[in-house]
Amino acid sequence: MKSHNRKTIIVVPTYNEKGNIQTIYGKIFKAAGGCHLLIVDDNSPDGTGRMADGIARKDKRVAVLHRHGKLGLGSAYVAGMKHALEQGYQNVIAMDADLSHDPSNIPKMLELARHYDLVIGSRYVKDGGMVNWTARRFIISRASNLYCQWVLGLTQDDCSGGFKCYRADLLRKIDLSKVFSPGYSFQVEILFRAVRAGAKAVEIPIIFVNRHVGESKLNLKELWEFGWTVLKLRWLAWIGKV
Ligand SMILES: Nc1nc2c(ncn2[C@@H]2O[C@H](COP(=O)(O)OP(=O)(O)OP(=O)(O)O)[C@@H](O)[C@H]2O)c(=O)[nH]1
Ligand SMILES: [Mg+2]
């Protein structure tokens, strides 16, 4: 076990991921056996939470945070991050449960986390990319990235990705109780708040594989929320509240 692994918790939010949870669990610990895993489940109707409990009973490295209903991806991450800070972890890795993010990138992220506050798994740097995406999904992703780079002045190539490693020190500088995005726009909000907090960030290439199992929870409402969140963040920065 590498020593840095003992300091790391991987936060995986789940909603109806029963077809993926066992596989992602296996892959995470194959790549990073010394880490801990926190599954944040929002009372998934398909029983993902019960399956996660079964995994946690057999493996002491795993814990499950149950919430009463679908409260959104962003608030699930905030809950996971608060737990990580309370428990004294030094690194927090955020990743999806649907096998879109390959856990084999975790060791490289942890290596870089020794020098950077934020390591971003990026689809839009050299050698990064995506597999199995529809043209529509690609256009939505590219357009939303250009939009937040333009409005918020972000210089990262991938501003909306969810595979990241945060140093706990950085999360302490960001007041997590002020994060307001319940859903997918959380990704841009946390990136913006991290940059405003002076984070030293780096991007590493990842290949994002579109989910094979389960359903996407990304919908039109989430896209509208994304648009508004970016404008609200711009405004908050102008009045010095971020
Ligand atoms: N706890 C919790 N997890 C959620 C919620 N919404 C999404 N998730 C999880 O967050 C991760 C990302 O959600 P996805 O639906 O895969 O989002 P996406 O990757 O943008 O879209 P697709 O891959 O096309 O489905 C997955 O692990 C989901 O199960 C939620 O409201 N609560
Ligand atoms: Mg996904």
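## Helix faces and a nonpolar core

Guide: This is a predicted model, and helix H1, residues 21-31, has Ile-21, Ile-24, Tyr-25 and Ile-28 as its buried residues.

Visitor: What makes those buried residues of H1 line one face?

Guide: Look down the axis of H1: the buried residues fall within an arc of 105°, so they line one face of the helix. The face turned away carries Gly-26 and Lys-30, which are exposed.

Visitor: Why are Gly-26 and Lys-30 called exposed?

Guide: The label goes to a residue with 12 or fewer other C-beta atoms within 10 Å of its own, whereas buried takes 20 or more. Gly-26 and Lys-30 are classed as exposed, so each has 12 or fewer.

Visitor: And what covers the buried residues of H1?

Guide: The cover includes strand E1 (8-14), strand E2 (36-41) and helix H2 (48-58).

Visitor: On to H5. How do you know that its length is close to what's expected for a helix?

Guide: H5 covers residues 135-152, 18 residues in total. At 1.5 Å a residue you'd expect 26 Å, and the first and last C-alpha are 25 Å apart, so the two values are close.

Visitor: How do you know that the buried residues of H5 are on the same side?

Guide: Those residues are Ser-144, Asn-145, Cys-148 and Leu-152. They cover an arc of only 100° around the axis, and that puts them on the same side of H5. As a rule, an α-helix has 3.6 residues a turn, so residues three or four places apart point the same way. The buried residues of H5 pack against helix H7 (186-196) and helix H8 (220-238). On the other side, the exposed residues are Ala-135, Arg-136, Phe-138, Ile-139, Ala-143, Leu-146 and Trp-150.

Visitor: What comes just after H5?

Guide: Gly-153, with a positive phi of about 70°.

Visitor: Which residues touch the most other members of the largest nonpolar core?

Guide: Ile-10, Val-11, Leu-37, Val-92 and Ile-93, out of 62 residues in that core. Take Val-11: setting aside neighbours within four places in sequence, its contacts include Leu-38, Tyr-77, Met-81, Val-92 and Ile-93.

How values were computed
Residues numbered from 1 in each chain as written. Chains lettered and ligands numbered in written order. Predicted model: local features only at pLDDT ≥ 70, side-chain atom pairs only at ≥ 80, totals over all residues. Core = buried A, V, L, I, M, F, W, Y, C linked by C-beta atoms within 7 Å. Contact = placed C-beta atoms within 7 Å. Helix = DSSP H or I, 4+ residues; strand = E, 2+ residues; numbered from the N terminus. Expected span 1.5 Å × (residues − 1). Arc of directions from axis to C-beta.
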